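Subject: Structure handover and findings

Hello,

Here is the structure you were waiting for, with notes on what turned up in it. Please read the notes with the structure open.

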Number of protein chains: 2
Amino acid sequence: MIPRQYMFDTIRRIFERFGFLPLDTPGIEKEDILTGGDPAFSKSIFRTSATGSRYEGLAMRFDLTVPLARVVASYPNDISRPFKRYQVGKVWRGEKPQAGRFREFVQFDADIVGARTSMADAEIISLMYETMTALGFSEFVIRVNNRKILNGLPAYAGFPVDRNEAVLRAIDKMGKIDWKGVSEELGREPGDGDDSGVGLEGPAIEAIRRFIELQGGSSRETLAAVQKLMVDSPQAMEGITELLEIIEHVEALGVPEDRWAIDLSVARGLGYYTGPVFETILTNLPSIGSVFSGGRYDDLVARFSSGSLPATGASVGVDRLFAAMEMLEIIPSVTTISKVMVLNFDVDCQYLIQKIVSSLRSENIPAEVYLGGEATLKAQLSFAVKQGVPYILIIGGNERRSGRAQLKDTVQRTQVEVMFEELPFVLRSLLTGK
Amino acid sequence: MIPRQYMFDTIRRIFERFGFLPLDTPGIEKEDILTGGDPAFSKSIFRTSATGSRYEGLAMRFDLTVPLARVVASYPNDISRPFKRYQVGKVWRGEKPQAGRFREFVQFDADIVGARTSMADAEIISLMYETMTALGFSEFVIRVNNRKILNGLPAYAGFPVDRNEAVLRAIDKMGKIDWKGVSEELGREPGDGDDSGVGLEGPAIEAIRRFIELQGGSSRETLAAVQKLMVDSPQAMEGITELLEIIEHVEALGVPEDRWAIDLSVARGLGYYTGPVFETILTNLPSIGSVFSGGRYDDLVARFSSGSLPATGASVGVDRLFAAMEMLEIIPSVTTISKVMVLNFDVDCQYLIQKIVSSLRSENIPAEVYLGGEATLKAQLSFAVKQGVPYILIIGGNERRSGRAQLKDTVQRTQVEVMFEELPFVLRSLLTGK
């Protein structure tokens with residue numbers, strides 16, 4: 001948990017640097033509010049009820065975005081907008097547990113509610129870039145697309161609008177499987193317990209291929225090519241305009257060109273996105289999938305109130321991100337919070353070592369007295385070394401008489417004598433390197 | 001949430017200074033593990049199951065101590081002991097919602113597992129003292145007692161052992177109601193929908209009164225008096241010896257005499273305490289009850305494994321504590337994370353202000369661009385002031401041409417001109433006061 005905490009702290013530091021405010025919402029909410037009656041959501045939700053009570057319509061949140069939208073809609077006058085908030089918390093999905101699919105996991109979200117401008121979307125992309133960089137990632141790409149372009153596909157490629165959701169689901173797999181797999185899925189008839197088939201004709205599939213293959217050049221070149229290809233779809237044109245604006249803003253915010261790209265295959269699964277969508281792929285660990293994703297969802301707040309409210313944001317996939325940091329060894333493998341352990345092997349020195357540990361804590365040095373059942377210096381020393389504590393203090397009868405502790409550096413494997421009253425200052429300088 | 005976050009950060013800082021490690025455990029666990037078959041627990045638990053699934057025996061945690069005991073028992077070889085951990089998280093109780101009783105609340109715990117010594121209990125008391133002080137409380141008392149003394153009451157006062165739980169429940173109310181109320185409850189026959197009556201005879205009640213009235217002197221005087229009174233109970237004598245040890249250790253750890261006291265009326269509700277118990281009362285807000293409580297629970301881990309493991313710890317009542325901090329006005333009423341807001345009223349300056357906000361963030365200054373729908377300088381200015389941002393930057397056509405921003409200090413109500421490239425350094429020194 002120590003490296004995990006380090007990851008949380010880093011994310012929070014960057015989110016706060018962007019001016020996002022912390023928010024907390026309940027873990028349990030009304031089920032109909034969480035799902036909004038959408039069967040895609042209600043099929044994977046945990047219902048809950050107090051023992052001995054009937055089901056009162058309560059369920060556990062499956063993400064942090066829906067509860068945010070509910071809060072914003074409930075307090076239209078108390079929350080001034082734009083409202084920038086971050087939230088970290090557990091979410092639950094009632095899915096069959098399997099490898100990489102947990103029923104309980106942690107999300108870390110940042111959202112801007114009440115901002116229609118493309119500058120807000122660019123802020124999210126900049127936030128994603130700065131967070132990834134602060135966490136120590138150097139090989140990643142933030143892929144950006146716009147749902148409005150994807151919504152123009154049926155008109156452009158010539159297939160029924162009601163198949164577009166299945167088409168997008170197939171396209172979304174371009175990161176995991178290649179075009180061969182995707183085109184096979186697009187052509188296969190849906191049926192018999194397999195709902196991944198879309199059932200498109202050859203020409204439609206061919207048009208989709210031309211669309212996906214547009215990329216490869218710079219972001220502006222890609223957009224120019226889409227503009228030409230989909231000129232008959234006003235919705236796609238609107239999406240392109242937004243992305244061109246975002247490009248300018250992202251550049252002004254100083255996000256390097258090689259850390260983000262327009263990628264026409266990005267759809268993102270959740271039903272509530274309405275405009276730009278973002279995802280973050282580790283180029284040295286592509287198989288792990290997106291570790292930080294989001295997009296614009298201008299209609300979600302309207303689900304809970306009469307007025308609509310534009311919103312954009314992104315969510316860190318905490319467990320995936322942490323797994324990646326461990327694999328790439330970019331997270332410090334610290335095993336202890338204490339910087340100093342004071343051994344406790346001489347009953348006559350107990351009060352003395354408690355006074356000393358207090359004096360260290362007063363100087364804000366994380367320190368502890370050995371509290372276990374081992375009585376000998378040797379066994380306690382081996383425990384402290386195994387714990388990974390950087391400094392060990394040895395204080396027995398001799399040290400008490402001389403007024404000097406033995407200070408062991410477990411990393412340098414050195415040992416010096418330090419006067420009791422000088423310990424806080426000596427350790428403080430050792431720890432801060434001054 | 002900003003002041004709440006400040007409270008969490010302060011608690012965590014002190015807990016880490018004592019060498020406690022962070023731990024996280026699932027929100028959902030097996031119900032029989034959480035309750036251990038104890039009806040007192042199972043009657044107020046939230047059961048949960050995935051939509052469309054049968055009840056699979058899952059429920060939501062009602063505290064953080066039981067899950068800790070389960071984790072420690074499950075990984076006997078991976079977790080070296082003593083194991084000092086802290087944990088912050090939501091817990092749920094399936095009670096009827098009413099004033100001051102929430103169904104979902106946050107706990108912040110610190111525990112030491114695998115330490116039998118009284119030094120560990122003293123560590124917890126010292127931790128409670130340092131945390132309360134760091135949070136800004138100056139008028140509080142940590143009350144300390146020992147369950148073993150209370151368990152000696154039936155033999156001493158002459159009443160059946162099976163009534164002791166009800167007696168302790170009554171004594172525990174001494175903080176809320178006075179002796180008159182408690183003695184009335186001790187004498188009343190239990191029955192008819194009111195289970196608070198204990199049904200003791202007059203002499204037993206009188207003996208309990210003598211016991212409770214022992215206090216008033218110093219902690220050592222109180223214990224000497226109990227020692228005399230309960231000399232025939234070996235268990236009470238053991239409890240007194242432990243408390244005398246704790247007194248010495250607490251003094252060595254530098255906890256001031258007026259911040260803690262032996263208090264024979266402290267029982268603490270939860271069934272799993274076996275030795276010393278602690279609670280923290282605000283002397284200027286006694287009605288709020290204990291804000292930080294705990295005790296030793298040597299038998300809880302044995303519920304999950306063949307071996308028993310001694311443990312001691314304490315839990316912050318986060319919601320109560322926060323309410324108290326607000327009432328006492330000892331928590332900063334900050335309303336914004338951003339230190340700087342850059343107004344955004346001139347479309348020709350958009351990229352310029354994005355470059356400037358980036359340069360501030362690079363210097364770790366929390367800063368944001370105005371992203372709302374108001375177009376005029378005046379309306380944006382009034383939004384920024386209402387948000388409570390300490391510094392506002394105004395950059396329009398004139399400023400762009402001169403290369404100097406207008407920097408407004410909303411607290412001092414002053415305004416100066418600063419060259420764009422000097423903004424990060426100027427603001428950094430204003431914010432750090434250097």
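Which residue is the bridge partner of Ser293(B) in E11(B)? The bridge partner is Ser315(B). Before the rest, some conventions. This is a predicted model, in which local features need pLDDT of at least 70, side-chain atom pairs count only at pLDDT 80 or more, and totals for chains, interfaces and linings use all residues. Residues are numbered from 1 along each chain as its sequence is written, chains are lettered from A and ligands numbered from 1 in the order in which they are written, and side-chain values use heavy atoms, with hydrogens and water left out.

Sheet in chain B

Strands E10 (residues 292–296) and E11 (residues 311–317) of chain B pair in the antiparallel sense over 5 bridges. Helices (H or I, at least four residues) and strands (E, at least two) are DSSP runs, numbered from the N terminus, and two strands pair if DSSP finds at least two bridges between them. E10 and E11 belong to an open sheet of 8 strands in chain B, in the order E1-E5-E6-E11-E10-E9-E7-E8, with mixed pairing. Strands E1 (21–22) and E8 (260–262) of chain B are at its edges with a single partner strand each, so one side of each has no neighbour in the sheet.

Between the chains

Contact (heavy atoms within 4.5 Å) links 78 residues of chain B with 78 residues of chain A. The buried area between them is about 6300 Å², and carbon and sulfur atoms give 55% of that; buried area is the accessible area (1.4 Å probe) that two parts lose on being put together, summed over both. Arg17(B), Arg361(B) and Leu371(B) supply 12% of the area that chain B buries against chain A, more than any other three residues.

Strand E3 (residues 46–50) of chain A also pairs with strand E3 (residues 46–50) of chain B, in the antiparallel sense and over 5 bridges. In this pairing Arg47(A) stands opposite Ser49(B).

Salt bridges

A salt bridge is a side-chain nitrogen of Lys or Arg within 4 Å of a carboxyl oxygen of Asp or Glu. The whole structure has 50 of them over all chains, and the count between chain B and chain A is 8. One pair is Glu368(A) with Lys84(B), the closest N and O atoms being 3.6 Å apart. Glu368(A) lies in strand E13 (residues 367–369) of chain A and Lys84(B) in strand E5 (residues 83–92) of chain B, so this pair joins two chains. Both ends are buried (under 20% relative accessible area; exposed is over 50%, partly exposed in between; 1.4 Å probe, protein chains only): Glu368(A) has 8% relative accessibility and Lys84(B) 4%.

Within chain B, Arg268(B) and Glu279(B) form a salt bridge at 2.8 Å, N to O. Arg268(B) is partly exposed at 22%, whereas Glu279(B) is buried at 6%.

Thr280(A)

Thr280(A) is in strand E9 (residues 276–282) of chain A and is buried, with 0% relative accessibility. A polar atom of its side chain lies 2.8 Å from the backbone oxygen of Phe292(A). Not counting residues up to four places away in sequence, Thr280(A) touches several residues, among them Met128(A), Met132(A), Phe140(A) and Val291(A).

Regards

How values were computed: Polar contact = N/O pair within 3.5 Å; in protein donor to acceptor, adjacent residues only side chain to side chain.
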